[in-house]
Amino acid sequence: MKIKRLFYKICIFLLATSVYSSEFDIKTFGTIGGVYNDNSNYIYRKDIFQKDGSSDDLSFKTDTLIGLQTSLYINEKFSLLLQGIVNNNYNDEVKAKIDWGYLKYDSGENVIVKIGRIRTPYYKNSDNLNVGYSNLMIRESVEVYGQVPFSSYNGIEVIYSNIIDRYFYTLQANYGSAELTVPIHSLNQKANVEVDDLYSLNITFGTTALQARFTYLNADITASNASLEQLFSGLRAFGLNELADKYEFKDTSSEYMGVGLFLDYNNILFSTECGHRKIPSFFADVHGYYATLGYSFDKFIPFITYAKSKMDVPTYEANTGVAALDALLHAQNLAQSSKTIGVKYFIDENFDLKFQYEHVVPKGDYGSYHLSSLQKPQKLNVFSFALDFIF
Amino acid sequence: MKIIFSLLLFVCFIDAKVVVVTNKKSQLNAIPKEIVQYLYLAKTDKVESVKVKPILSDDKNLHDEFCNTILCKSESQYNSYWARLVFTGRKPIAKRLEWGEMVKKLQEPNTIAYIDKKDLRKEWKVIYEEN
């Protein structure tokens with residue numbers, strides 16, 4: 001909480017001083033997007049932090065957002081940056097929130113240090129997920145990008161970049177903690193999540209045409225609410241300590257490993273990322289990948305994507321003998337695959353327009369990232385468009 | 001035949017020969033294409049321990065030609081790339097300069113710019129030229 005208070009003080013200081021500073025910069029970005037999912041038994045969502053989405057209707061809640069970024073350049077080496085967004089949240093309310101904000105030190109000698117609220121660098125596009133204009137697709141493949149349900153932490157990030165011969169490399173190290181609320185929509189619950197001792201290491205190397213990226217993150221995570229506490233204390237009271245130890249999400253040493261390969265050569269665009277979440281608890285281990293291929297015809301960039309996620313141990317087959325625990329495990333099923341075809345049209349330096357069609361096949365009972373009360377899975381056809389802008 | 005000749009003439013006319021230049025007093029000499037790309041895509045700001053300041057032209061045709069031939073990126077890819085850098089707080093967006101401003105900035109050593117080769121001045125030297 002102290003870190004949080006300090007962070008808000010920094011933000012207020014930034015906003016207050018920026019008014020009088022000539023080195024103040026303000027930028028906006030956003031997306032106006034519509035989604036139509038043809039399956040009324042599912043609510044199609046961008047990620048688990050959304051409650052509402054498209055269910056046999058046109059929804060503007062899934063992708064539409066507006067963001068604001070302010071930068072205060074104190075001197076050549078120090079700057080304060082803050083980014084906030086307004087979008088539809090997990091209570092189905094349109095609310096503003098601070099996405100990230102930090103004090104940045106740029107040595108001018110290959111080293112950058114950030115202190116404050118920082119984006120968690122799981123994926124290649126973790127930092128710019130909300131900036132549609134900078135991305136090819138309307139939304140990244142949930143099979144990889146949806147694995148870890150928190151996007152920012154409070155702490156420090158150190159980045160070192162350099163060149164060897166004709167190749168560049170970037171080393172990125174992070175340390176910090178986070179507190180957040182994660183909705184468990186299918187059980188109509190929310191879990192209070194504490195992430196402690198989060199550390200990560202990222203390595204990116206290659207050329208401007210071909211790059212490889214490796215990620216490793218580790219954190220001690222606790223997820224709790226009244227129902228979870230009641231469930232696990234109940235198991236222990238009945239002597240089911242083994243079950244409680246296996247599934248309780250308390251100070252659980254959790255890992256995420258990812259690897260990616262990205263090509264941008266002679267108008268050919270290819271990107272792939274594989275991710276593996278290991279959280280030994282009811283939150284269950286999952287792995288997934290996507291591969292996207294595109295071609296840039298000047299202003300038009302058509303693309304196709306295939307993505308798949310799979311549970312390491314299918315939670316939908318869980319039969320522990322405790323109904324409440326089984327229901328909790330069933331709700332964790334994220335197995336699915338999807339095929340996407342779309343096009344990005346570059347209008348100018350401020351706008352782009354995108355269309356895409358996505359065919360989603362959930363796998364296993366009670367499954368999919370998208371909300372449903374069905375036990376047996378059904379397929380979804382999802383049509384989306386988006387107008388992205390930056391100023 | 002007349003149409004083809006006219007088209008060829010038109011293509012020659014619009015297709016600027018882009019070169020990267022710096023002041024003759026600069027410590028920089030010939031640099032490889034990859035390093036020019038790293039400098040203009042903000043992967044580095046140094047060449048052999050020399051701090052380099054790349055500047056951009058506001059001439060849209062010249063800029064697009066530079067992106068296509070030297071950075072090997074289309075206009076849309078270049079813009080998406082820079083949007084990513086700007087909106088992740090990595091780099092502020094560089095201002096595109098008019099010719100007069102570029103000439104003035106190039107008086108500073110270790111500042112580099114892309115120009116049409118026909119505009120090369122005697123106080124500048126070419127540090128990268130596409131074959």
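Colleague: Which residues touch the most other members of the largest nonpolar core?

Modeller: In this predicted model, they are Phe150(A), Val193(A), Val195(A), Phe232(A), Phe282(A) and Leu325(A), out of 43 residues in that core. Another core, of 40 residues, lies apart from it and includes Val18(B), Ile35(B), Tyr40(B) and Val50(B).

Colleague: What does Phe150(A) touch, not counting residues up to four places away in sequence?

Modeller: Phe150(A) touches Phe49(A), Thr120(A), Tyr122(A), Ala178(A), Leu180(A), Val195(A) and Leu198(A). Of these, Val195(A) is also on the list of core residues that touch the most other members.

Colleague: Why is Ser141(A) called buried?

Modeller: Its relative accessibility is 7%. Buried means under 20%, so Ser141(A) counts as buried. Ser141(A) is placed in the loop between strand S7 (111-119) and helix H2 (142-145) of chain A. Leaving aside neighbours within four places in sequence, Ser141(A) is in contact with Gly146(A), Tyr290(A), Thr305(A) and Ala307(A).

Colleague: Why is Phe297(A) called exposed?

Modeller: The relative accessible area of Phe297(A) is 52%. Exposed means over 50%, so Phe297(A) is exposed. Phe297(A) is found in the loop between S14 and S15 of chain A.

Colleague: What makes the nonpolar surface patch of about 650 Å²?

Modeller: The patch is made by Ile268(A), Leu293(A), Tyr295(A), Phe297(A), Phe300(A), Ile304(A) and Ile341(A). A patch residue needs over 30% relative accessible area, and Phe297(A) has 52%, so Phe297(A) passes that cut-off. Strand S14 (286-295) and strand S15 (300-311) of chain A each supply at least two residues of the patch.

Colleague: Which residues of helix H5 of chain A are buried?

Modeller: In helix H5 (residues 323-330) they are Leu325(A), Asp326(A), Leu328(A), Leu329(A) and His330(A). The buried residues of H5(A) pack against helix H3 (226-237) and helix H4 (241-247) of chain A.

Colleague: What is the order of the strands in the open sheet of chain B?

Modeller: The 5 strands run S5-S4-S6-S1-S7, and the pairing is mixed.

Colleague: Why is one side of S5 and of S7 in chain B left without a neighbour in the sheet?

Modeller: Strand S5 (96-97) and strand S7 (124-129) stand at the edges and each have a single partner strand, so one side of each has no neighbour there.

Colleague: How do you know that S4 and S6 of chain B pair?

Modeller: Pairing needs at least two bridges, and 3 bridges join strand S4 (residues 53-57) to strand S6 (residues 111-116), so the two count as paired. They run parallel, and Lys53(B) stands opposite Thr111(B) in S6(B).

How values were computed:
Residues are numbered from 1 along each chain as its sequence is written. Chains are lettered from A and ligands numbered from 1 in the order in which they are written. This is a predicted model: local features need pLDDT of at least 70, side-chain atom pairs count only at pLDDT 80 or more; totals for chains, interfaces and linings use all residues. Side-chain values use heavy atoms; hydrogens and water are left out. Patches are made of residues with over 30% relative accessible area and no salt bridge: like charges are joined within 9 Å, nonpolar side chains (Val, Leu, Ile, Met, Phe, Trp, Tyr) within 5 Å. Accessible areas come from the Shrake-Rupley method with a 1.4 Å probe; for residues, only the protein chains shown count as cover. A salt bridge is a side-chain nitrogen of Lys or Arg within 4 Å of a carboxyl oxygen of Asp or Glu. Helices (H or I, at least four residues) and strands (E, at least two) are DSSP runs, numbered from the N terminus. Buried means under 20% relative accessible area, exposed over 50%, partly exposed in between (1.4 Å probe, protein chains only). A nonpolar core is a set of buried Ala, Val, Leu, Ile, Met, Phe, Trp, Tyr and Cys residues joined through side-chain atoms within 4.5 Å. Contact means heavy atoms within 4.5 Å.
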